[in-house]
Amino acid sequence: MVPHRYLHLFPFHALPINSDKEFLIDRFTNGVRYAPSCQLLQLAKNQPQPSGQLGKIFAIQDPNEDLYYTNIEVETIARHFQPAPIVLKKSQATKDALYQPPHNDSLQSAHCLHFSCHGYFDLEAPLNSALALANSRVSSVPNADSRRYSRFTKDSDFDLQKCLTLGDIFNLNLRQCRLVTLSACQTGIINHENTSDEYIGLPSGFIKAGSAVVISTLWSVEDFSTTLLMIRFYDNLNSLSIVQALQESQLWLRNATQIKLIKWTSEHPKIEQHYKDRIQEELELWFKSEQKPFYKPIDWASFCIIG
C-alpha cells in the first residue's frame, strides 16, 4: 500500500471486509506492507534486503523507567541474538551514550534495531518527532525555550535535545540495518497535511538512513499487549519473512484466548520464570479463560510494516 494524505493514518490491514469480522489481513497470506511514497519504496528496495539470519541487534530498553513490560519484551527478544546482543537499559540509554564509542559503532553495524520506549510525532514540526531516551523527561518547561520541549505523553514533557529526533535519524548511517522496530507510540504517523509526495515521519528517516524495513505504530499502544506481540514476532523471524512474521503475530494475538496465552507463556523457552508469573497474573486478573483479550484491532492493528 502507498497511501495518500489522510490514508496514511489508516491501518488497511485491519479493514473489515464482511459481517463475520474478517479483516483484510486474513485474505493476504503474505502480509500487508506500506510505503510513505513511491520514491521511498524504491529507496528501500535498493537497501540490503533482510535474509533468514537475524544477525546483530542493538536495542533501547525502557529509558524512562516507566514501562514495566518493555523489560520483559527486550530481555526476551535479546536471547535470539546470542552471544552478544547490545542493549542499552534504562538510565544507560542516553543520547550521549548512543553517539559515543563503542555504542555508536554497534548502532551503525547492527542488522536489527529495536527501540522500546516512548515515541512522539510533531505535526507542526515533523523534524522534532522523536524517540525518548534516558534523562529526557523534565518536571517543568522553561518559558524561555519552549520549542526545545514536547509533550510525549498526557502528563510528561521531554527535552528534545536529549531525545533521538527525526532530524538526528536522517544523519545516521544504517547501511547494515535490515530491520528497525519502533515498539513505541505514534511512530508511524506522518504529516498528512503535506500535499507533496514526500511524507515525513520516523519511518522515512530510518529508510533514508539506510534501513530496508521499519515497523512502526499508528497510535498509542498498550505496553502489555505490545510485549506479547513483539516476543511472538521475533520468534517468527527464524522461519518467516518480516512481513509474514508480523502478520502471524497479529493474527495470533487477535485470536488467542486467555488460557492459550497463559499456556504459550508458560512454555516459552526464552521468558524468565518471574516474568512468566507476572504475565499469567495479569491475564488471570483481567480476563476469563475463554475470552480473547486482544481481539479488537486497537490491540494489534497499530503495527505496520514500512518498506
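Figure 1. Tyr69, Thr70, Asn71, Ile72, Glu73, Val74, Glu75, Thr76, Ile77 and Ala78 are the buried residues of helix 3, where buried means under 20% relative accessible area with a 1.4 Å probe and protein chains only. Helices (H or I, at least four residues) and strands (E, at least two) are DSSP runs, numbered from the N terminus. Helix 3 is mostly covered, with ten of its eleven residues buried. The cover of these buried residues includes strand 2 (57–61), strand 3, strand 4 (112–116), strand 11 (179–183), helix 8 and helix 11 (273–286). Residues are numbered from 1 along each chain as its sequence is written, and side-chain values use heavy atoms, with hydrogens and water left out. In this predicted model, local features need pLDDT of at least 70 and side-chain atom pairs count only at pLDDT 80 or more, while totals for chains, interfaces and linings use all residues.

**Figure 2. Phe81, in the loop between helix 3 and strand 3 (86–89).** Phe81 counts as buried because its relative accessibility is 4%. Not counting residues up to four places away in sequence, Phe81 touches Leu54, Gly55, Lys56, Ile57, Cys112 and Tyr234; contact means heavy atoms within 4.5 Å. A C-alpha separation of 9.7 Å is found between Phe81 and Phe58, which are 23 residues apart along the chain.

**Figure 3. Asn64, in the loop between strand 2 and helix 3.** Asn64 has a relative accessible area of 13% and is therefore buried. Leaving aside neighbours within four places in sequence, the contacts of Asn64 are His118, Ala132, Leu133, Ser136, Arg137 and Phe158.

**Figure 4. The largest nonpolar core, of 44 residues.** A nonpolar core is a set of buried Ala, Val, Leu, Ile, Met, Phe, Trp, Tyr and Cys residues joined through side-chain atoms within 4.5 Å. Leu179, Leu228, Phe233, Leu237 and Ile242 have the most contacts inside this core. Elements giving two or more residues to the core include helix 3, helix 9 (242–255) and strand 13 (303–306). Helix 8 provides the largest share, seven residues. Another core, of 36 residues, lies apart from it and has Phe58, Leu174, Leu182 and Leu202 among its members.

**Figure 5. Residue classes in the lining of the second largest pocket.** Five nonpolar, four polar and three charged residues make up the lining; Ala, Val, Leu, Ile, Met, Phe, Trp, Tyr, Cys and Pro count as nonpolar, Asp, Glu, Lys and Arg as charged, and the others, Gly among them, as polar.

Methods. Buried < 20%, exposed > 50% of the residue type's maximum accessible area, 1.4 Å probe, protein only.
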